[in-house]
Amino acid sequence: VTARIREYEAAGVDLMLLQFSPQREQMQRFGEQVIAPYAAA
Amino acid sequence: MRFGYWMPIFGGWLRNVETRGVDRLVVLKALAVESEAGGFDLSLIAELNLNDIKGHRARRSTLDAGARGGGGDRAARAHARRAPQLPLPLAHRQGAVDARQHRAGRISLNVVSSWWKDEASQYGAPFDVHDARYERTEEWLTVLHRLLTEDTVTHAGPLYDLQGCVLEPKPSVLPTVYMGGESPKAKEVIGRHGGAYVMHGDAPDVIAAKIADMDGPLGQDFSYGVSGYVVVRDTSRRRRPSWPASSTCGPPPRRTRRTRTSSPAASSSRRCRSRSTPSPTAGCAPGSSARRSR
């Protein structure tokens with residue numbers, strides 16, 4: 001997922017507007033498993 | 001990269017997943033607070049009079065509920081505003097629901113030009129088509145900018161007429177204006193008035209081409225966003241759809257729960273609408289701002 005985000009970043013994207021379902025648990029997961037490692041890298 | 005999310009004011013994004021019985025206000029408030037801790041920067045709250053996802057008569061939460069939900073300092077809020085359909089400055093008053101946030105620069109605007117005809121005709125709002133949408137948008141944004149920066153505004157234009165209008169409080173930071181649209185007229189107006197261009201979740205190479213196409217008239221600070229629907233699971237196999245790839249509208253209802261409760265890792269674009277283009281990752285622009293902006 002992070003690699004894909006990097007592809008968008010390389011394309012010039014600096015914002016992703018996302019939807020999830022079920023939203024609360026999947027957003028929590030995305031924060032922990034995608035955003036945190038992404039921000040730390 | 002900044003990460004934003006659509007506030008689920010309609011109850012949820014899947015038409016075939018039942019959300020009745022869920023205390024939506026509790027969920028919205030929790031999301032607003034938890035999302036900041038989770039690293040999200042932006043919450044997009046659509047302003048609609050009808051429920052776009054669950055049907056006209058289904059409940060949808062109000063802007064106030066979403067806007068008041070946040071407790072933290074970081075996340076900005078963007079309001080998808082079908083600005084051109086609303087009178088000024090009434091439309092903007094809603095954005096200033098929490099003047100404290102407004103002054104702190106936590107509010108931005110996603111301005112959408114004539115998106116939902118059915119709603120417009122039900123509510124007696126004008127519904128412009130083609131270039132006329134952007135003529136209205138442009139005049140609306142021009143007036144709004146003056147209202148946010150000038151003490152008293154008098155404006156006599158083809159579409160809006162304001163005599164000595166006062167709008168307070170003023171924001172400490174002008175709201176970023178997010179817009180979408182692909183027509184030449186749309187891009188022209190976005191280049192003049194927008195601070196960010198939001199697109200459907202097409203594949204990265206398609207997005208790169210769209211950005212290259214926009215780059216000319218815009219400054220370095222201009223932001224580019226894409227909409228997407230994310231499925232993160234523990235393995236690629238687990239996130240695979242359990243319905244045919246040719247499907248454009250998601251799985252049959254009975255399989256949905258299985259898909260939801262499996263535990264898969266990759267992002268995919270399974271929640272499609274007929275007008276959206278699926279792509280491998282941040283996929284169909286769902287009820288997305290890009291879509292709303294057309």
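Predicted model: local features only at pLDDT ≥ 70, side-chain atom pairs only at ≥ 80, totals over all residues.
Biologist: What makes up the secondary structure of chain B?

Modeller: Chain B has 11 helices and 9 strands. Of its 294 residues, 55% count as buried. Its accessible surface is about 12700 Å², and 51% of that belongs to carbon and sulfur atoms.

Biologist: What makes β4(B) and β7(B) a pair?

Modeller: Two strands pair if there are at least two bridges between them. β4(B) and β7(B), the latter residues 177–179, have 2 bridges, in the parallel sense. Within this pair, Leu109(B) stands opposite Val177(B).

Biologist: Why are helices α6 and α7 of chain B called roughly parallel?

Modeller: Two packed helices are described by the angle between their axes and the distance between the axes. The axes of α6(B), residues 131–149, and α7(B), residues 184–193, cross at roughly 10° and come within 9 Å. Angles under 35 degrees count as roughly parallel, and α6(B) and α7(B) are therefore roughly parallel to each other.

Biologist: Which residues of α6(B) and α7(B) meet?

Modeller: From α6(B) they include Asp131(B), Tyr134(B), Glu135(B) and Leu141(B), and from α7(B) they include Lys185(B), Ala186(B), Val189(B) and Arg192(B). By class, this contact has 4 nonpolar, 3 polar and 5 charged residues.

Biologist: Why does His130(B) count as exposed?

Modeller: Exposed means over 50% relative accessible area. His130(B) has 61% relative accessibility, so this residue counts as exposed. His130(B) lies in the loop between α5 and α6 of chain B.

Biologist: What is the phi of His130(B)?

Modeller: Phi of His130(B) is near 50°, a positive value in a residue other than glycine.

Biologist: Where in chain A is there a cis peptide bond?

Modeller: The cis bond joins Ser21(A) and Pro22(A), with omega about -10°. Pro22(A) lies in the loop between β1 (15–19) and α2 (23–40) of chain A.

How values were computed. Residues numbered from 1 in each chain as written. Chains lettered and ligands numbered in written order. Heavy atoms only, no water. Helix = DSSP H or I, 4+ residues; strand = E, 2+ residues; numbered from the N terminus. Axes fitted to C-alpha atoms, helices over the stretch in contact; angles between N-to-C directions. Parallel < 35°, antiparallel > 145°, perpendicular 65-115°, else oblique. Contact = heavy atoms within 4.5 Å. Nonpolar A, V, L, I, M, F, W, Y, C, P; charged D, E, K, R; others polar. Buried < 20%, exposed > 50% of the residue type's maximum accessible area, 1.4 Å probe, protein only. Areas by Shrake-Rupley, 256 points an atom, 1.4 Å probe, with all protein chains shown as cover.
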